[in-house]
Amino acid sequence: MIVFITGGAKNGKSSFAQDLAVKLARGGKRYYIATMIPCDEEDRERIRRHIADRDGLGFETVECGRDIGSCLLQAEPQGSFLLDSVTALLMNELYPDPATWALDPTAPERCEKGLLELCGRVANLVLVSDYIYSDAAKYDAQTETFRKGLARLDRAIARIADTVIEVSAGNLILLKGVLPQ
Amino acid sequence: MNLIIGGAYQGKRDFARNTLNIPQGEMFTCTDETIDFSKACIDRLEDYVLACVQKGIDPLEQLKAQDLRDKTIICMDMFCGVVPIDAQMRLWRHSTGLVCQYLAKRADRVYRIVCGLEQRLK
């Protein structure tokens, strides 16, 4: 089962997604696909906090910041996967070289292909993305490339997902399908 | 009237085309303070509002003068971010909000598009 979770920042998407991935595993293998590639101490602290959050839920962590399909080199496809987040994955692929921060315009298409392939190969996958599309601003071209790219991924996943949920202040708004029991 | 709202890049225009069956030739895309009201569908109303604000025109008064009963209108939901620092951008957001409320009140159907999926709000 493929479940896509979106919503604004700090609304409880990750906690809900963790619990859901555990539920879908039904006692079987559960994998946390760690997408964040740490750049500084702030990132490392955030990762430590996330690991502590997952403590006791039985997740095996698979580091996969780019080329998302490669996470299956370290995991069994019949498990239950949590990908948090699509946003971080796209950022890593858009800016492959932290020394230059040169934007790779082919990243959204490549991410879309990789994500859809992964969705087709695993038994259960919960994907978390960020809703960043409703503010009154005219951004620079690079930021618009990022927003447009993320929206492309969101829409591609939502199209094939069994269930799509928007999380708002910890509450669930069902956009597609049924809530997994 | 149909009103379609939703964030940037969420698939509002595709929804108008594919679900409401608006032909390509009936789609008017706003780029300035003029609207071709002979078309069935008016897209990017937020850009019309921005042009009005920049030229000192009240977009709501302009729209009130039109018969919009048979129209499908698409407008970006831009109301969930930080208050813009720039006064003109603030006025843009404010005016677009007033326009959306006016249209939503008169619309027969209001749709919100999220990640290509529709929610019927009215």
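Start at B:Cys115, which is buried because its relative accessibility is 1%, under the 20% cut-off. The model is predicted. Select B:Cys115 in the loop that joins strand S5 (109-114) to strand S6 (117-120) of chain B. Its backbone is worth a check: phi of B:Cys115 is near 50°, a positive value in a residue other than glycine. Most residues other than glycine have a negative phi, and most peptide bonds are trans.

Stay in chain B and select B:Tyr9. This residue sits in the loop between strand S1 (2-6) and helix H1 (12-18) of chain B. B:Tyr9 is not a glycine, yet has a positive phi of about 65°. With 26% relative accessibility, B:Tyr9 counts as partly exposed.

Move to chain A and display the backbone from A:Asp84 to A:Ser85. The peptide bond between them is cis, with omega near 20°. A:Ser85 belongs to the loop between strand S4 (80-84) and helix H3 (86-94) of chain A.

Next, select residues 107-121 and 141-160 of chain A, helices H4 and H5. They pack at an angle of about 20°, with their axes 9 Å apart. H4(A) is therefore roughly parallel to H5(A), as the angle is under 35 degrees. The crossing of H4(A) past H5(A) is right-handed.

Definitions and conventions
Residues numbered from 1 in each chain as written. Chains lettered and ligands numbered in written order. Predicted model: local features only at pLDDT ≥ 70, side-chain atom pairs only at ≥ 80, totals over all residues. Heavy atoms only, no water. Helix = DSSP H or I, 4+ residues; strand = E, 2+ residues; numbered from the N terminus. Buried < 20%, exposed > 50% of the residue type's maximum accessible area, 1.4 Å probe, protein only. Axes fitted to C-alpha atoms, helices over the stretch in contact; angles between N-to-C directions. Parallel < 35°, antiparallel > 145°, perpendicular 65-115°, else oblique. Left-handed = near helix turned anticlockwise from the far one by under 90°.
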